[in-house]
Structure formats: structure tokens, C-alpha cells
Amino acid sequence: MTLTVLILGEATNGRLAGTSVEAIGVARALPGTTLVGFLAGSTARAAAAEFGRFGVARVYAVDDPDLDAAPLAARVPSLKAVVEKEAPSVVVVGGTTNGRELLARLAAAADLAVASGVTEVSDVAGGVRVRRPIFGGRATETRLLTGPRVGIATRPHAFPAAAESPTTCAVEPAPTADIPPARLAPKRIGVTATASTAGPGLTDATIVVSGGRGVRSPENFHIIEELAASLGAAVGASRAVTDAGWRPTSLQVGQTGRAVSPQLYIAVGISGAIQHIVGMISSRVIVAINSDASAPIFRVADYGIVGDLFQIVPALTAEIRRVRGA
Amino acid sequence: MPDFSLTPDQESLRDLARKFARTEMAPHAAECDRTARFPEEIYRKAFDLGLMNLNVPSDYGGSGLGVLDQCLIVEELAHACGGMTTSVIANCLALEPILLGGTPEQKHRFLTPFCSQYNLASFCLTEPSGGSDAGGLKTRARLEGDHYVLDGEKCFITNAPHASLYTVFATVDPAKGHRAITAFVVPRSTKGVAPGKDEDKMGHRASSTSTVRFEGAEVPVADRLGQEGEGFSIAMRTLDQTRTPIGALATGIAQAALDHAAGYALKRQTFGKPIAEHQAIQIKLANMAQAVHAARLLTWHAAWSIDRGAKGTLESSIAKCFASDAALHVADEAIQTFGGYGYMKEYPVEKLLRDAKLTQIYEGANEIQRTVIARELLRQYA
Amino acid sequence: MEIVVCVKPVPDAETRLRASPDGTVLDPESVKFVLAGYDESAVEQALLLKEAVPGSRVHVVSYGPAPYTEEVLRQAIALGCDQATWVEAPPGASPDPVTVAHALAAAIGPVPHDLLLCGKQAGDDEGGMVGGALAELLGLPDFGCVVDLRWDAAASRFRFQRATEGGQESWEAPAPLAIGLQQAWNDPRTAKLPAILKSRKAAISKVTPPARSADAPKSVPQKFELPPPRTGAKMIEYKTPEEAAQKLVRILREEAKVFP
């Protein structure tokens with residue numbers, strides 16, 4: 001018996017979003033499934049064909065330009081009609097702001113057991129098991145979603161993109177459904193793309209790159225800043241660097257400086273004195289780059305590279321830029 | 001037997017104080033200590049949140065809390081900074097004589113406007129020639145018709161340079177010793193009242209302390225608290241009320257010292273392991289923890305007794321004496337735990353020792369506390 | 001304006017995370033549950049709107065078990081909410097978002113509401129789905145990740161920004177509306193002592209949510225895990241800096257999953 005999995009897609013300018021391709025990958029990994037896609041908005045039909053590139057043979061498209069500037073709530077009646085027609089056991093969406101919100105509304109409309117921010121999915125007897133970070137990543141929970149229908153919003157970038165697996169994709173319009181007027185009353189009146197000028201603040205940043213005494217001089221510190229820029233990261237420094245006046249004390253991470261807990265902390269040329277460690281120990285992943293193999297920082301790091309940072313860091317910056325297509 | 005758990009009401013009060021202490025006081029404690037700055041903006045915030053004038057009944061605009069509730073708040077504030085806490089609770093000390101000795105008309109006339117907006121008050125008992133010997137005070141109050149004229153000098157008065165109100169103890173007849181001591185309420189605006197310059201202190205440097213000189217200061221008879229000669233009793237009964245919260249203040253300093261020491265001991269490594277795994281440190285921390293627990297429970301017991309109507313002199317003296325000695329010792333051991341780093345002003349523990357020291361001296365020096373304890377104790381055997 | 005704010009009691013920031021004896025959930029022993037994070041901002045925003053629009057009232061609602069849900073509602077009352085409703089959850093419940101939404105809808109549906117305010121996500125499980133599900137049940141359009149919510153009295157419209165991965169959207173919408181607040185640029189006020197003492201005696205309405213059918217969808221917690229203690233770095237072997245860089249980037253993407 002095959003189960004049907006419905007993938008809610010997101011598209012911009014006729015292209016399927018990366019998070020949607022990740023969601024397709026999750027759907028394909030579930031055993032014995034029939035895949036169906038859903039897209040709504042002004043470029044729905046154009047992007048719908050992309051589903052075929054990743055092995056999805058059927059897509060419902062609601063090709064309505066008015067939906068772009070209308071609340072996500074306006075898409076729910078069509079989506080609910082698709083769910084009633086296809087009776088999927090699992091609905092998957094890339095957990096972006098839009099994806100999460102749409103799934104939340106569908107969950108109430110069609111009675112789904114849902115979880116968001118999911119990083120692992122497995123099909124087990126009795127339901128779908130999901131794993132997700134909680135408490136700001138300081139813990140993880142595993143849940144069993146049971147019921148006739150479950151919904152999953154993935155954590156963006158936690159799953160790899162689906163591999164290409166081209167297949168003919170039949171695009172059909174979603175069954176018609178009335179949209180209650182209240183759902184059309186709000187209006188989007190403008191969109192501004194994010195301007196990434198200065199990097200994120202140290203304490204809010206998802207990624208922090210810090211430089212220490214190993215950087216040797218203030219003139220060299222730019223290699224830390226370039227690595228940070230390539231990652232969209234905040235820049236930090238050890239006390240040695242700020243005491244020496246190479247960078248302002250506002251950048252100091254440590255016991256008498258700032259405490260940070262990003263997803264990724266890269267310590268470059270920092271030996272790992274306890275005064276620094278206490279400021280970054282609750283980072284989820286710690287990478288240390290140092291020329292001294294016995295530096296204490298390697299005791300608390302998850303990954304380490306022993307080597308000349310003046311060679312490693314520029315190579316890392318270049319690799320990140322290459323991989324990000326920047 | 002009393003239930004040692006806090007009621008939800010008490011937890012709410014403690015949480016408010018803790019939040020204020022951690023977010024508003026603690027971030028500025030080191031800077032105010034270093035520069036001896038009086039952080040009026042922090043005291044104003046404390047007033048806005050209802051953390052001042054804790055002992056004044058709500059009828060007069062205070063928070064109307066019992067002693068135990070006050071202690072819960074005071075310990076949290078002191079954990080962040082002993083000096084700031086001293087200035088926040090100095091109002092309680094200064095206003096208590098009005099609560100104990102004032103007529104309903106006086107309470108309303110002085111307390112209601114005072115508590116309606118941010119104001120500081122000072123309790124003026126200590127003099128250059130007598131601290132512990134309060135009964136031998138020399139400030140003179142001469143009756144001249146419808147007013148008294150005050151002449152004399154007080155010293156080590158908390159908040160004096162910033163206070164708008166002083167409660168002053170003076171003698172109407174030096175020959176009669178403590179039996180002639182009389183209590184007065186003296187607004188700052190009174191001609192002939194002059195607070196001095198802020199003293200440069202070892203600790204509690206966010207608090208402001210100075211002399212107050214009275215030179216021909218005229219105080220209306222209507223502003224006298226109680227009768228002539230009742231002042232010493234009013235002062236002693238005031239201290240019976242305020243002594244226990246000082247135990248809580250000392251407990252807060254001791255708890256902060258213990259928190260710093262234990263946290264450091266788990267992270268600092270020597271001889272291949274965290275120092276918390278060395279027996280020498282474990283014994284130290286164990287002794288510190290015993291002292292903190294005992295200080296807190298003695299304070300709570302004294303507060304509970306007073307809230308039930310007991311005079312509580314013995315219990316509150318034991319609490320204040322023990323807790324202040326404990327604070328000094330625990331702070332000292334915290335510095336020792338930090339080793340060389342503990343000696344550096346960049347680390348927070350040396351300040352705790354300097355702040356703890358004052359708690360052994362003010363609000364009744366511990367030598368006096370011990371004589372009081374002995375007297376109360378021996379009464380039970382007489 | 002009738003404003004309803006939904007809040008969830010969550011463990012306070014200093015809680016030491018520990019698994020329960022059966023390993024399925026956070027050990028509730030000695031956990032202090034408080035009003036925090038985005039919910040705190042939502043309450044503040046509701047109170048600011050109340051102050052800006054004369055005659056407004058704020059009704060705070062929370063779904064959770066005894067005894068701490070009531071405590072959190074009292075905190076909200078001490079901050080200035082006019083009315084509070086406690087939707088009682090069975091002890092130890094950790095339900096799915098739709099179950100929570102049904103429970104809250106039972107309390108909110110019957111009362112007037114021009115604005116339904118939630119925090120973007122709860123401070124513990126960070127699901128961020130209850131708001132949308134609740135809005136669907138109540139028939140309200142909803143917007144999550146809202147930044148900068150204002151009421152334009154002249155136009156009788158809410159104006160707000162919605163933060164998405166691509167940028168910011170500007171929206172205008174009439175009441176009634178549901179909003180999940182991400183950032184309000186407000187500084188949540190601290191309740192004052194007299195208000196705290198008064199809130200202890202405030203009346204809190206209690207609602208028992210309707211039972212859900214036995215075959216309703218469920219989300220059952222199975223494991224609560226802390227990250228394994230750090231045992232030392234996995235050293236990356238390499239011959240050239242480029243190789244080191246490639247290996248590290250691959251690890252960060254695939255193993256650690258920290259960036260795309």
C-alpha cells in the first residue's frame with residue numbers, strides 16, 4: 001500500500017525554493033510513496049514544472065496573482081480541497097516563515113498532527129517519528145506523530161536537497177474553493193529585500209568567527225573579518241586582541257566580555273584559556289584552528305584543524321564563497 | 001513547626017527583587033564601586049517598582065510588607081550589590097521611628113507625601129564620639145517656646161547628602177543620659193541642617209555616607225516623635241525591626257560569594273582536573289555553604305518571630321551577628337578559591353569582602369550584638 | 001479595542017535542562033515556569049495598544065496545567081492585563097499544536113476579540129504553529145514573524161511589517177486579526193510591587209477544553225536528549241589548506257548541519 005505525500009512548495013520568480021527541494025527529498029525518503037506537489041501564487045504554473053525535475057509526477061497549481069499580496073490564509077481553502085481529494089498521509093513543507101505558517105493553518109483545517117523545525121524524519125510503525133531541536137538548540141526532542149494525517153515543516157538546511165530525478169510532471173489546477181472575504185481583507189503593500197550591510201550583532205548571530213593572538217597583528221585581522229563575511233557571521237575576538245587594542249572591547253568574547261551561544265563558533269588563533277571558553281562554551285558546534293596541537297581549545301572544540309591559520313583561513317573563505325556561489 | 005517553603009505570594013516578591021537586582025543593579029555594581037558613584041537612576045527605578053519604603057503601610061503609600069517579606073527582597077538585592085541595597089533600605093531605617101513613635105497625624109503628614117514620589121531619608125543616631133554608646137549622644141535639643149533648637153553633629157549617616165528627610169535623635173538634658181534622648185523629624189530644607197561631603201569608604205561605595213551638622217536648626221514641637229525622653233526607646237525598637245533585614249543583606253553577599261566560588265571551582269583546572277575535585281576546595285566550599293544556609297535560616301526565623309508579634313531581640317541579634325560574620329568569612333574564602341585572580345579588582349569577589357565588612361559594623365556593631373545576646377540569654381537563666 | 005493575548009508558561013532561562021526519569025520530556029522537577037521571550041513582548045505590545053486606544057481591554061489566555069499556569073496569568077495581570085482565562089491542561093501534557101489551538105479556541109471564540117496576539121514561538125519547544133492553527137479555527141487571517149505592529153486609528157487599520165527570509169513585507173489589515181509577534185521594539189515593563197500584591201487576589205476564569213476524539217491526531221514525546229558532553233575535537237587530516245577547507249565545509253554542511 002502506498003502512502004501519498006503532499007509537498008507544499010514555495011517559489012520565487014518561477015523557481016522552486018531551495019527549502020522546497022529539501023522537502024521533496026524528505027518526501028522521497030519515505031518508503032513506498034506517491035508524491036504530489038502544491039504551489040500557489042503568480043508563478044505557480046511556471047515553477048510547478050520544476051517539481052518534475054526532482055521526481056514528483058503530479059502538482060496542483062493555484063495560478064492566481066492576487067494571492068501574492070493576500071494572506072496565506074487565502075490559500076487554505078484550495079489546499080484543503082487538495083488534501084480532501086488526495087488524502088495524503090504526510091504533508092511536508094520547507095519550514096520557512098511562509099511554509100510554517102501555511103502548514104499551521106492547514107493543520108487546523110484538515111486535522112494534522114504537526115511538528116516544525118524538524119531535523120530528522122523516519123517512518124515507523126504507528127506513525128512518523130521526528131526529531132527537532134528545542135530550547136535554542138540546547139536539547140533535542142523526538143516525537144511520534146500519529147493519526148490519519150501528519151504534517152512536517154523541516155528546519156531549513158537540515159536536509160540535503162533532493163537529487164535530480166527528472167520525470168514528466170502533470171500540472172493541474174487545484175479544485176475550486178471559495179475564499180471567505182475576511183481572508184482577503186489584509187493587503188500587502190510593499191516588499192523590501194533584506195539589505196545585508198553590517199554583519200549581525202555578536203550576541204544574536206547564528207555564526208561567530210573569533211580571532212585571537214595567533215593572528216599576530218591588527219593588520220592581519222581582516223582575514224577573520226573576511227571569513228566572517230563569507231558566512232554572514234559576526235566577528236568576535238579574544239581578550240588578548242582587545243587588550244592589545246587591535247579591535248574594540250565590544251567584540252571581546254569571554255568571562256569579562258560577552259557570552260555567545262551561536263550555532264557555529266570558529267576560534268582562529270585562540271589558545272583556549274578558560275576565561276575565553278566560558279564565553280562560548282554553549283555554542284552548538286565549535287571549530288578551532290590553531291598551529292599548536294596541544295592548545296586547550298581543542299579540548300572543547302568539536303572539530304579541529306592544526307595548521308597555519310594564514311593558509312587555512314583564506315582557503316576556508318574561498319571554499320565557502322565557492323560553495324555558496326557568491 | 002513552620003513550613004519552610006515560600007508561598008506563591010512570597011515567590012512573586014522574591015522574583016521581582018531578583019529580576020531587578022540581576023538586570024538593573026548587577027550590571028552597574030562594579031562601575032559604581034570603582035568610581036564611588038551614587039546611581040540615583042537605579043534608586044529611582046527601585047522606587048518606581050515599589051522596592052523602597054517596604055515597611056511603610058500602604059495607607060501611607062509604602063509597600064506594607066512584614067519583616068520576612070522584606071528579608072526575601074533584601075537578600076536578592078544584596079546578591080547584586082550590598083552598597084546599593086544599603087541605600088535602598090536606608091529609608092526603612094529612617095522611617096521606622098515615625099511608624100513607632102509618631103501620632104496618626106504625624107504619620108500621615110510625613111509619610112504620605114514622602115512615599116508618593118522618589119525620596120530618600122536618613123536615620124541620624126551615630127555621632128563622632130559615640131556609635132555603640134548611643135545613649136551618650138551629645139546633639140542637643142533646647143526647647144524655646146513652640147520649637148526646639150538642635151545643635152550637634154552626626155556622622156556615618158547613610159544617604160545623608162541626598163536625603164530630603166532626617167529622623168534625628170538628640171538629648172534635651174545631657175545630665176540625664178539616655179533617659180533624655182528625644183526623637184525628631186527634620187526636613188532637609190530646615191535652616192541650619194547641613195549634610196557633609198560623601199565619605200570615601202572601603203565598600204558599599206554605591207551608597208552615600210556623610211556627616212550631618214545641626215547648627216541652630218529649628219524643629220517645631222509638632223515634629224517631635226513621642227514625648228521627651230522616649231527617643232532612646234524609639235531608636236532601640238527601630239533597630240529591633242531593621243536588624244533582621246541586615247542579616248538578609250549579609251546573607252545575599254555571602255550567597256553571591258558562594259555562587260562565584262563554586263562556579264569558578266568547576267571550571268578552573270589545576271593538576272589535570274577542576275579544582276572542585278580537590279579536597280581542599282571541597283572542604284572550603286562545604287564550610288561556605290553551611291555558613292550561608294545557617295545565615296539564611298537564622299534570618300528567616302527571626303523575621304518569622306517578629307512577624308508573629310514577638311519582640312525578637314535575641315533572634316534578630318543572633319541573625320545579624322551570625323550572618324555578617326558569615327558574609328565576611330565566605331567572601332574571604334571566595335577570594336582564596338579564586339587564588340591570584342581573586343585579588344584582582346577585575347574579578348567580582350574582592351568587592352564582596354569589602355562590602356561584607358560593613359555588615360559587621362553598622363546597625364549595631366557585632367560586639368554590641370554579642371552583649372545583647374548575652375543579656376537576653378542570661379535573662380532566661382536568671 | 002478588545003485584545004486577546006495568548007501566552008505559554010515556559011521554563012525560565014536559568015533552568016538546568018535535564019531529562020525526566022523516563023527520558024521522554026524535560027524533567028519538571030524544580031523547574032520554574034514563567035512568562036518570557038516573545039510572549040512577554042506580546043503582552044507588552046497588547047498593553048501599549050491598550051494605552052494608545054482609549055477604552056481598550058486586554059484579555060490574557062493561557063493553556064497549561066496547574067499550578068504554574070495560573071501563576072503566569074497572575075504575572076500578566078500584574079503587568080496590566082484586565083482579565084485572565086486559564087484553559088486547564090492535564091498535568092504533564094505535551095500536546096500537538098492543533099490540540100492546543102482547539103483548547104484556546106474554546107476560550108477565545110465566545111469573547112470579543114479585535115486582535116489576537118501571540119508570540120512568534122514559545123521559548124521551550126519553539127514550534128510557532130499554535131498561532132496559525134488557532135487563527136484558522138477562529139476564521140481570522142493571521143501573520144507570524146510580525147515586526148513593528150501599529151494601529152492607524154484614522155484609517156481603522158493595523159499596519160505592520162512581516163519578516164521573511166527574503167526580506168520584509170509591509171501590510172495593512174482591518175480588525176479582526178491574528179498576529180504572531182517576533183519583534184515589537186518594545187521594552188517589556190516590569191510589574192510593580194503593589195500590582196503584584198493586587199494580582200495575587202485577582203479572579204481568573206477557568207475553562208475546561210472539550211475533549212478531543214480518541215482518533216484525533218497526536219504528537220507523543222518519546223525522547224528528550226541533551227547533546228553529548230564534549231570529548232575533544234575531531235581533528236581534520238589534510239595535505240593542503242584547500243583540502244582542509246573542503247573537508248571542514250563538507251562536515252559543517254552534512255554532519256553538523258550548520259549552514260547550507
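1. Domain bounds, as used here, come from an automatic or database domain assignment. For chain C, this assignment gives domain 1 (2-207) and domain 2 (228-260). The C-alpha centres of domain 1 and domain 2 of chain C lie 41 Å apart.

2. The model is predicted: local features need pLDDT of at least 70, side-chain atom pairs count only at pLDDT 80 or more, and totals for chains, interfaces and linings use all residues. Residues are numbered from 1 along each chain as its sequence is written, while chains are lettered from A and ligands numbered from 1 in the order in which they are written.

3. Between chains A and C, the contact (C-beta atoms, placed from the backbone, within 7 Å) takes 76 residues from chain A and 65 residues from chain C. On the chain A side, α4(A) gives the most, with nine residues; helices (H or I, at least four residues) and strands (E, at least two) are DSSP runs, numbered from the N terminus.

4. Strand β10(A) and strand β12 (residues 218-225) of chain C pair in the antiparallel sense over seven bridges, pairing being defined by at least two DSSP bridges between two strands. Within β12(C), C:K223 is the bridge partner of A:T142.

5. A:A153 lies in strand β11 (residues 150-154) of chain A. A:A153 counts as buried because it has 31 C-beta neighbours inside 10 Å; buried denotes 20 or more other C-beta atoms within 10 Å of the residue's own, exposed 12 or fewer, and partly exposed in between, with C-beta atoms placed from the backbone.

Definitions and conventions: Two residues are in contact if their C-beta atoms, placed from the backbone, lie within 7 Å.
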